[in-house]
Amino acid sequence: MKYKTTIGLEIHIHLGSKTKIFCSCSTAYTKEPNTHTCPVCLGLPGALPVLNERAFHYAIKAALALNCKVSEHVSFDRKNYYYPDLPKNYQISQYSFPVGRAGVLNINGRDIRINRVHMEEDAGKLIHSEDNKRSFIDYNRTGVPLIEIVTEPDIDSPQEAYDFLQELRTTILYLGISDCNMEEGSLRCDSNISLSKEDAKELGRKIELKNMNTFRGVKEALEYEIERQRAVLEDGKEVVHETRLWDESRQMTAAMRSKEDIHDYRYFPEPDLVKYEIPEELKNSIKEELPELPPKRRERFKSEYSLNDYDTELLVKDKSIGDYFEEVLKNYDNPKPACNFITSDITGAVNERGIDFKDIKLSALSCAKLLNMIKDKKISIKIAKSILPELIERELDPLVIIEKKNLMQINRESDIQNVIVQVIRENPGAVRDFKSGRREAIKFLIGQIMRVTEGRANPGIVNKLLNQELGGLI
């Protein structure tokens, strides 16, 4: 029997304010437990919350970027549940009046609807001992400002869920409101998934999946759950409405608890926080702060720079790379070679060193200078690649390094001719092999020419002159 898959996502994202949502404790990530806490985020008696203005504005910015209808006012509610990492035994969240509703994010030409974007405080972190006999609580994360982005059940495959998360992360990074670091818990995702008969009008019984720490983990957990639910349904049984955990090491989900419903949380208005208005002037001023977002940037890069989809995506998925590319083009007039050099050679060198692209020492102006020297045949692409590691790690002028190391390309035919004659004289066996039909021998001869010239001989001139010396057989 064929089944229809229905997926909805709940994404929690740490907002990048320096202090917590309702107090002045630092949000900086640290491995030292319980060092960023105070009476407010620990929920001690008599401590009162005060809303973080920057976090509030960041939440509005996210809602606008996701095409949501931003509320005229918002209020906070208490979400009650009892768990050791929640010191107050309730979480301050938004239920009745969130920051934004009815948004949309386009994925591969298809609109995925956003149900709501709301603010809330994060809970602490439980750390279990290796023998599972003791648990410890780190409250540093308690009170860190979050937005929760809840989609409608519009996603119909694990791959689409993966693509949605990638696009959402890219969008949030463009806004500059979070680092979206999954390793540090800055971005976390829960999934709701159900299977139903292909022609059924109602959705199947949904399962919530938790504990997925990577985008690939989300995809793999959903793929496993589809097969598990299909097996249950084909066995004539009903899927149990529950929350399940993804076990990365075993590549399977396991039951955690029965699924809570809204009434289980006993929401009621937070009495210590007032209702906050979002006037049109504030919306408009935040809207003006929005950068060019990924969809528009993709469209512009393809039309303005005549780039294909693949190259465009390489540049757009990381804002710092796209910004760098455009800075380079202010002093270099050929987009395609610039794109190739940046996304392949520079990014490759950056990845090898495990650093962030935006931390490289090679300025866009110096990169343009390097590319212009390649275009003007002053250096070869091979020489440019050879000095990249040094340029990335140290703030140096490429021309100074090239002149100091005598790396300028040899373009004078007489100089190259002398080297070719020398190489042919020293390697008669390779010449005989080539003339007897072994075409790969030419590669050896060219390699020897490049070795003698330390890679500086102009390849085009080398091929032309070597062809002449070998009687036009190349």
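User: What stands opposite Asp77 in strand 15?

Analyst: Asp77 faces Pro269 in strand 15. The model is predicted, so local features require pLDDT of at least 70 and side-chain atom pairs count only at pLDDT 80 or more, while totals for chains, interfaces and linings use all residues. Residues are numbered from 1 along each chain as its sequence is written, and side-chain values use heavy atoms, with hydrogens and water left out.

User: What makes strand 4 and strand 15 a pair?

Analyst: Strand 4 (residues 77-80) and strand 15 are joined by 2 bridges and run antiparallel. Two strands pair if DSSP finds at least two bridges between them, so 2 bridges meet the requirement. Strands here are DSSP runs of E with at least two residues, and helices are runs of H or I with at least four, both numbered from the N terminus.

User: Why is one side of strand 5 and of strand 15 left without a neighbour in the sheet?

Analyst: The sheet is open, with 3 strands in the order 5-4-15 and antiparallel pairing. Strand 5 (90-93) and strand 15 (268-269) are at its edges and each has a single partner strand, so one side of each lacks a neighbour in the sheet.

User: How do you know that strand 11 is mostly covered?

Analyst: In strand 11 (residues 187-197), 9 of its 11 residues are buried. Buried means under 20% relative accessible area, exposed over 50%, and partly exposed in between (1.4 Å probe, protein chains only).

User: Which strands pair with strand 11, and in what sense?

Analyst: Strand 1 (residues 3-14) runs antiparallel to strand 11 and is joined to it by 11 bridges. Within that pairing, Thr6 stands opposite Ser194 in strand 11. Strand 12 (residues 207-212) also pairs with strand 11 in the antiparallel sense, over 4 bridges, and there Ile193 stands opposite Ile207 in strand 12.

User: Is Lys377 buried, partly exposed or exposed, and where is Lys377 found?

Analyst: Lys377 has 48% relative accessibility and therefore counts as partly exposed. Lys377 is in the loop between helix 9 (364-375) and helix 10 (381-393). Lys377 is not a glycine, yet its phi is positive, at about 60 degrees.

User: What makes a set of residues a nonpolar core, and which members touch the most others in the largest one?

Analyst: A nonpolar core is a set of buried Ala, Val, Leu, Ile, Met, Phe, Trp, Tyr and Cys residues joined through side-chain atoms within 4.5 Å. The largest has 104 residues, and Ile11, Met119, Phe164, Tyr324, Phe325, Val328 and Ile346 touch the most other members. Helix 1 (residues 53-65) gives the most to this core, with 9 residues. A second, separate core has 20 residues, among them Ile410, Val419, Val423 and Leu466.

User: Which residues is Tyr324 in contact with, leaving aside its neighbours within four places in sequence?

Analyst: With those neighbours set aside, Tyr324 contacts Ile342, Ile346, Phe357, Ile360, Leu362, Ser363, Ala364 and Cys367. Contact means heavy atoms within 4.5 Å. Tyr324 and Ile346 are both listed among the core members that touch the most others.
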